[in-house]
Amino acid sequence: MLVFRQSIRRKIVGISVALIVLMVITSVLSMVMSKRVEHLLDELTVRYIPAYGHLARANIRSLERALALRRMVIAKMQVPPDEEGYAARLRFFEEKDGEVEQEANAARKLINAIINDVSTPSDNAALARIETRIDNAMAEGRRQLGEEQAKLLKQIGSGDFVDARGTLARVDTLRDQFTQKIDAIRADMLSQVFASASTVIRDQQQAIDVSVVVTGLAAALGLGFAFLVSSGITRPVRRLLEGTREIEAGHLDQSISVSTKDEIGQLSAAFNRMVEQLRRNERIRETFGRYIDPRVVEGLLDRPDAATQGQRRVMTVMFCDMQGFTSMSEGMTPQGLVKVMNCYLTMMSEPIRDRHGVIDKYIGDAIMAYWGPPFIDEADQTRLACLAAIDMVDRVPKLRKQLPELLGVRVIPAECDVRIGIATGEVLTGSIGSELMMSFTVMGDAVNLASRLEAVNKVYGCRILISEATAATVGTELELREIDRLAVVGQSKPQTVFEVMGKHGDLTTQQELLRSRYKEGLAAYRVGRWEDALNAFNAALEVFPGDGPSLALLSRLDHLQSDPPPADWNGSWHMEHK
């Protein structure tokens, strides 16, 4: 019995050794043949096909030159001649000449590389003939076409269009001949590409055949041994593979049952721990994304060092606040107040996200957001910020309608509204805080100015006030009204502030007239013509009763008439005087 056991053990060891030897032979053969196929495939994709592509592009560049030449003739034949168009097409024509030469040289260089590579089979004689034909075609074509094209340029430059037509016909003929030569060369090159591809396929099939034979022999010898071990290994491996595919597809609710204590069982247990960690990380990412903009989260995860260093960028900052929040919240329960705040912040945040803004933080009922690189292009930031502000104001009626329904009352204690301030300028952006806690935010004068402008809305009875820098770059999509020149708290230089009245073309005739009357009053006010200013602002109120800025300036006029400003007064208003 002991001898029998030892004999069986020897057979198993013999099968194992034979399998190992056959595996080594298979691997070596596969590696050698795979390297050869890989080398051939690399030559096909890196040399043959690009060479053919360069020839095709040389043909295209030549046709582009012909088209540019015709357009030059057309530009000169116009009455009057289109000199600017002629000059532009001449530059294009000259640029394409060099590109034709570059493409041809690139093709020749790749063909010579194929010829010089002795490790791969190729028809070097045919390739050498192709390379020579390219050289001859380019030399002959450049000489003939160059002469005729120079003659044509001279003729159209002197206005000799009769002779130019004949020259142009000869140029077209020479161009057609050049194109035919390149097409013939391309056809021969394509034949070489097909030949190389056939070689790759043949060697690959040979490698497959050898691998099949050796693998079949190994399979026949190891069939008995495979039956002994397959049942205990393949089943858990299959479960592990299926679980891996589910995880790859994003299904993190998968887990694998651990049925053994061997290495496969340990791998399955490790896989389950990995899946649990992935679930936890996904929950953290989703939760984190609700507190910080997902784009900021991705930046912090991908480039944590860059976020802590800080950068100076030109950005547009917005502050939004709910008007009447204090009086409205006094009679609410904590649960009702939370509902109101969540509804308000959700409705006001959506336009910011829709316009690609980044919500920095919520400060009570206030929202701070910003626009700028790297999240959007710098040229679009002011426009998007102002459009978001308009969208937020447009949502106020819907908010007023939802709040009573949300609280279960007929009317709310005070009518809510929003005040928005927007400023553009250089800010410091990065992770600011302590070693224990940090916040990715923006800091600078533009942030302070936006906060001040939000508060200034209350003085002028406006909803959206923007800074002078914002108005200068907002473009023509918005209708603005200059409100005043202010020296706000924290700013030494007076700032011209503007009200966003709406999108371009959306103003009514009444609003257009209001803006015109207010502009007249503001101009008179700044030069001290109090009576003219008074009349203009009153006229504005007749057009638009209750206009906040007109009422604010009239109130200020009463003060200035009784207490005139100093002689060096420049028309600006210090907010601490309000």
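## Burial, backbone and pocket in a predicted chain

At 46% relative accessibility, Ala139 counts as partly exposed, a class that lies between buried (under 20% relative accessible area) and exposed (over 50%), computed with a 1.4 Å probe on protein chains only. The model is predicted, and local features therefore need pLDDT of at least 70 and side-chain atom pairs pLDDT 80 or more, while totals for chains, interfaces and linings use all residues. Residues are numbered from 1 along each chain as its sequence is written, and side-chain values use heavy atoms, with hydrogens and water left out.

Ala139 belongs to helix 3 (residues 124–158), where helices (H or I, at least four residues) and strands (E, at least two) are DSSP runs numbered from the N terminus. From Ala139 to Glu101, 38 residues away in sequence, the C-alpha to C-alpha distance is 9.8 Å.

The chain holds 17 helices and nine strands, and 40% of its 578 residues count as buried. With contact meaning heavy atoms within 4.5 Å, residues 24 or more positions apart account for 70% of the contacts with a separation of 6 or more. The table sets out individual accessibility values.

| Residue | Relative accessible area | Class |
|---|---|---|
| Cys320 | 1% | buried |
| Cys343 | 13% | buried |
| Ala195 | 37% | partly exposed |
| His356 | 42% | partly exposed |

A search of the whole structure for disulfides, taken as pairs of cysteine sulfur atoms within 2.5 Å, finds zero. Cys343 is accordingly in no disulfide, and its nearest cysteine sulfur, which belongs to Cys416, is 9.0 Å away.

Two backbone features are found in loops. His356 has a phi near 65°, a positive value in a residue other than glycine, and lies in the loop between helix 10 (334–354) and strand 2 (358–363). Pro373 and Pro374 are joined by a cis peptide bond with omega of about 5°, and Pro374 is part of the loop that runs between strand 3 (366–371) and helix 11.

Helix 11 has 14 residues and spans 20 Å from its first C-alpha to its last, close to the 20 Å expected at 1.5 Å a residue, the expected span being 1.5 Å times one less than the number of residues. Twelve of the 14 residues of helix 11 are buried, among them Gln381, Thr382, Cys386, Asp391 and Met392.

The largest pocket contains about 660 Å³ of space. On a 1 Å grid over the protein atoms alone, a pocket is an open set of points where a 1.4 Å probe fits, with protein on both sides within 12 Å along at least five of seven lines, and lining residues have an atom within 4 Å of a point; grid points are joined across faces, edges and corners, and the volume is the space filled by probe spheres set on the points. Of the 28 lining residues, those closest to the centre of the largest pocket are Gly461, Cys462, Arg463, Glu499 and Phe544. Elements that give two or more residues to this lining include helix 11 (381–394), strand 4 (417–433) and helix 13 (445–460), and strand 8 gives the most, with five residues. By class, the lining has eleven nonpolar, seven polar and ten charged residues, where Ala, Val, Leu, Ile, Met, Phe, Trp, Tyr, Cys and Pro count as nonpolar, Asp, Glu, Lys and Arg as charged, and the others, Gly among them, as polar.
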